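I opened the model to look up a few side chains and the strands around them. My entries follow in the order in which I made them.

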Amino acid sequence: QVQLVESGGGLVQAGGSLRLSCAASGTIFSINAMGWYRQAPGKQRELVATITSRGSTNYADSVKGRFTISTDNAKNTGYLQMNSLKPEDTAVYYCNAYVDSGRPTFQQYWGQGTQVTVSS
């Protein structure tokens, strides 16, 4: 079993920065990809950013140039650096990972989410 635990959320003023972390633990041989998603009240969960094991990244248009996704493979931890935050970035942010834990295929796991609130 694999657990993902997010941290780093909080309340910040518009224009400020936050760094989210996602620590993966359990039986992990490798992490194929990690991603961050967010869900605002009354809205569907949406992709924020993803990164593959080779370092290829993908960002939602709304966060390009402001957010940076990265990983520390030695620590099985992913990060989301969020700069120039806007009130519309307010949401619960979820970490997602595709993990090789010894099963025939990669398994997808989700964290419990961390709240990010940006005040105007």
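Entry 1, Met82. Leaving aside neighbours within four places in sequence, I find Met82 in contact (heavy atoms within 4.5 Å) with Gly16, Ser17, Leu18, Leu20, Arg66, Phe67, Tyr93 and Val116.

Basis. I note that this is a predicted model, in which local features need pLDDT of at least 70, side-chain atom pairs count only at pLDDT 80 or more, and totals for chains, interfaces and linings use all residues. Residues are numbered from 1 along each chain as its sequence is written, and side-chain values use heavy atoms, with hydrogens and water left out.

I place Arg66 in the loop between β6 (57–59) and β7 (67–72). Is Arg66 buried or exposed? Its relative accessible area is 11%, so I record Arg66 as buried (under 20% relative accessible area; exposed is over 50%, partly exposed in between; 1.4 Å probe, protein chains only). The Arg66 side chain makes a polar contact of 2.8 Å with the side chain of Asp89 (a pair of N or O atoms within 3.5 Å, one able to donate a hydrogen and the other to accept it; residues adjacent in sequence count only if both atoms are side-chain atoms). The side chain of Arg66 also reaches the backbone oxygen of Ser62, at 2.8 Å.

I searched the whole structure and found 1 disulfide (cysteine sulfur atoms within 2.5 Å). The bond joins Cys22 to Cys95, with S to S at 1.9 Å. Cys22 lies in β3 (residues 18–26) and Cys95 in β9 (residues 91–100), so the pair ties together parts 73 residues apart in sequence. Cys22 has a relative accessible area of 0% and is buried; Cys95, at 0%, also counts as buried.

I traced an open sheet of 4 strands with antiparallel pairing, in the order β1-β3-β8-β7 (strands pair if DSSP finds at least two bridges between them). β1 and β7 each have a single partner strand, so one side of each is left without a neighbour in the sheet.

Methods: Helix = DSSP H or I, 4+ residues; strand = E, 2+ residues; numbered from the N terminus.
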